[in-house]
Amino acid sequence: MRDIHVWDLLAVHIPNLLPRTIFGLHLPWLRKAARLLYAIVLLAIGLAAAALVIRTPKRSDESPTWAQCVIGATFVWAMFALGYGVIPHEWLTFGNSYLNFDSSSFMLHKNRILPFDITRDKFLDAVAALIYVVVLGLNVAFFAAWQKRKVAEPVAEGERAVSPSGPVTGGSVFSRFRRAKRTSAYGRPVTTTES
């Protein structure tokens, strides 16, 4: 009888696109670690996208919209799920199943210097803990960079700045369609009827 995996129960089939050999080298572990490698690649792409967003200065005159906040929160949740959940889980699964690192095999035996045995499953747990520490460090670094990102200088409504390289800048593509917004003392937009 074939092993039932959680992906089979969810009727989700994730194809394994990794090759069995690379440049003539037979790498049997590569296909077994496919989900781990896919998760690491997705996390790297997400962190690169976050780094690009952090580099763009924020506009000081406008607060973010609800849609921007929801999209940002969903992105952060996905990065947390990858970094704190999927990658350590897939590492432990790969180590237990393919590498066969369990409590019956030893990394180091008790000797004069080391008063206890270290089994291979403890090595897996140590690497998983190291993954958590690295992701936590990235988490704090990215949150601090997000809070300290530069603020763009406000550009007057009718005035556009010319950059030293030549092209004209001064806002987004749709900034010319925006009207000047008035706000009340409570920060709410003031609506007026035009006749």
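This is a predicted model: local features need pLDDT of at least 70, side-chain atom pairs count only at pLDDT 80 or more; totals for chains, interfaces and linings use all residues.
View 1. Residues are numbered from 1 along each chain as its sequence is written, and side-chain values use heavy atoms, without hydrogens and water. The axes of H3 (residues 34–55) and H5 (residues 120–147) cross at roughly 20 degrees and come within 10 Å. Axes are lines fitted to C-alpha atoms over the stretch in contact, with angles from 0 to 180 degrees between N-to-C directions. Helices are DSSP runs (H or I, at least four residues), numbered from the N terminus.

**View 2. Side chains of H3 meet those of H5.** From H3 come Leu47, Ala50, Ala51, Val53 and Ile54. They meet Leu138, Phe142, Ala145 and Trp146 of H5. Contact means heavy atoms within 4.5 Å. The residues divide into 9 nonpolar, no polar and no charged. Nonpolar here covers Ala, Val, Leu, Ile, Met, Phe, Trp, Tyr, Cys and Pro.

**View 3. The largest nonpolar core has 14 residues.** Such a core joins buried residues (under 20% relative accessible area, 1.4 Å probe, protein chains only) through side-chain atoms within 4.5 Å. Leu43, Leu82, Ile87, Trp91 and Ile131 have the most contacts inside it. H3, H4 (66–97) and H5 each give two or more residues. H4 gives the most, with 5.

Terms used. Buried means under 20% relative accessible area, exposed over 50%, partly exposed in between (1.4 Å probe, protein chains only).
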